Amino acid sequence: MINLSEMNMYLLVFMMSVFNWLMTFFGSSLVYLVKKESHKLISVALGIAAGIMIAASFFSLLLPAIDQLEGSKPALLIIPLGFLTGGLFLRLCDKYLPHEHLLSHEIEGPKAAISKNKLLMLAMTLHNIPEGLAVGIAFAGAQHNFLPALILSVGIGIQNFPEGTAISLPMHQSGISRFRSMMYGQFSAMVEIPSAMIGFLFASFFHNILPFALSFAAGAMMFVCIEELIPEANATKEIDTGTISFMIGFIIMMFLDIIFG
């Protein structure tokens, strides 16, 4: 039977996943404010998002997983195993589900841009699943201190803002209306709500696998950054823009962990 404290945890996980979706929605709504094409803005948005996600993987997922194993060296091998499994899971998803690079050399002209942007939205939707899982698993692993899980959730929410912009703005610039572009952008993050609840339920019922689950989520998030966000952030001529933005994003998450962790 679920007691009141457990009910409060379910509600907290739900609220934080809704917060992460809303941040994507607000980021997508910038399509109404930006009047002209800006590759630099997209580069900055994706660079910050990648920096926050990689920092979150270290500070909020891998380090807590290591701490939970209490220094047992044989057991610590679970961490790299879970990390690798998370990356392989995303690799399999990319192989068998639509991917935005598939059409890059097959279609030319405006239709190519629209198709690629829609596939980017689908890819981001897929890649938001590990973010939702990470939030749910982090809260399941919080015994008496929920602050690290809250920091992780806030960090993911912050990076969702530029991520929403990075999806909606190119769509509008390729000919889709502002409203439809905004809706496509926010839709990509809705999957985080059920993913967070599933991650929390699974990790709560199987508490012994928490270190593996945390490292799995970290590996999946790292795969997203290395395969998608970082290359897209550095796709412009001004490659330093994406790199500096990445460092800023990393510092934001590191600052949150130092101040509140």
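In which helix do Trp21 and Phe25 both lie, and how many residues apart are they?

A: This is a predicted model, in which local features need pLDDT of at least 70 and side-chain atom pairs count only at pLDDT 80 or more, while totals for chains, interfaces and linings use all residues. Residues are numbered from 1 along each chain as its sequence is written, and side-chain values use heavy atoms, with hydrogens and water left out.

Trp21 and Phe25 both lie in helix 1, four residues apart, which is about one turn of the helix; helices here are DSSP runs of H or I with at least four residues, numbered from the N terminus. Rings of Phe, Tyr and Trp (its six-membered ring) are paired if their centres lie within 6.5 Å, with planes under 30 degrees apart called stacked, over 60 edge-to-face and the rest tilted. By this rule the count comes to seven aromatic pairs. One of them joins Trp21 and Phe25 in a tilted arrangement, at 6.2 Å centre to centre and 45° between the planes.

Trp21, Phe25 and Phe26 form one aromatic cluster.

Helix 1 (residues 4-28) also holds Thr24, which is buried, with a relative accessible area of 1%. Leaving aside residues up to four places away in sequence, Thr24 touches Asn160, Gly164, Gly185, Gln186, Ser188 and Ala189, where contact means heavy atoms within 4.5 Å.

Asn160 and Gly164, which Thr24 touches, fall within the residue range of helix 6 (residues 147-173), whose axis comes within 8 Å of that of helix 2 (residues 39-68) and crosses it at roughly 160°. Axes are lines fitted to C-alpha atoms, for helices over the stretch in contact, and the angles run from 0 to 180 degrees between N-to-C directions. Helix 2 and helix 6 are therefore roughly antiparallel, on a scale where angles under 35 degrees are roughly parallel, over 145 roughly antiparallel, 65 to 115 roughly perpendicular and the rest oblique. Their crossing is left-handed, that is, the near helix is turned anticlockwise from the far one by less than a right angle. By class, the contact of helix 2 with helix 6 has 18 nonpolar, four polar and no charged residues, counting Ala, Val, Leu, Ile, Met, Phe, Trp, Tyr, Cys and Pro as nonpolar, Asp, Glu, Lys and Arg as charged, and the others, Gly among them, as polar.

The axis of helix 2 also comes within 9 Å of that of helix 9 (residues 210-233), again crossing at roughly 160°. The residues of the contact of helix 2 with helix 9 divide into 23 nonpolar, five polar and one charged.

Leu61 lies in helix 2 and is buried, with a relative accessible area of 0%. The residues that Leu61 touches, beyond four places in sequence, include Leu152, Leu214 and Met221. Leu61 and Leu214 are 153 residues apart in sequence and 5.2 Å apart in space, C-alpha to C-alpha.

Conventions:
Helix = DSSP H or I, 4+ residues; strand = E, 2+ residues; numbered from the N terminus. Buried < 20%, exposed > 50% of the residue type's maximum accessible area, 1.4 Å probe, protein only.
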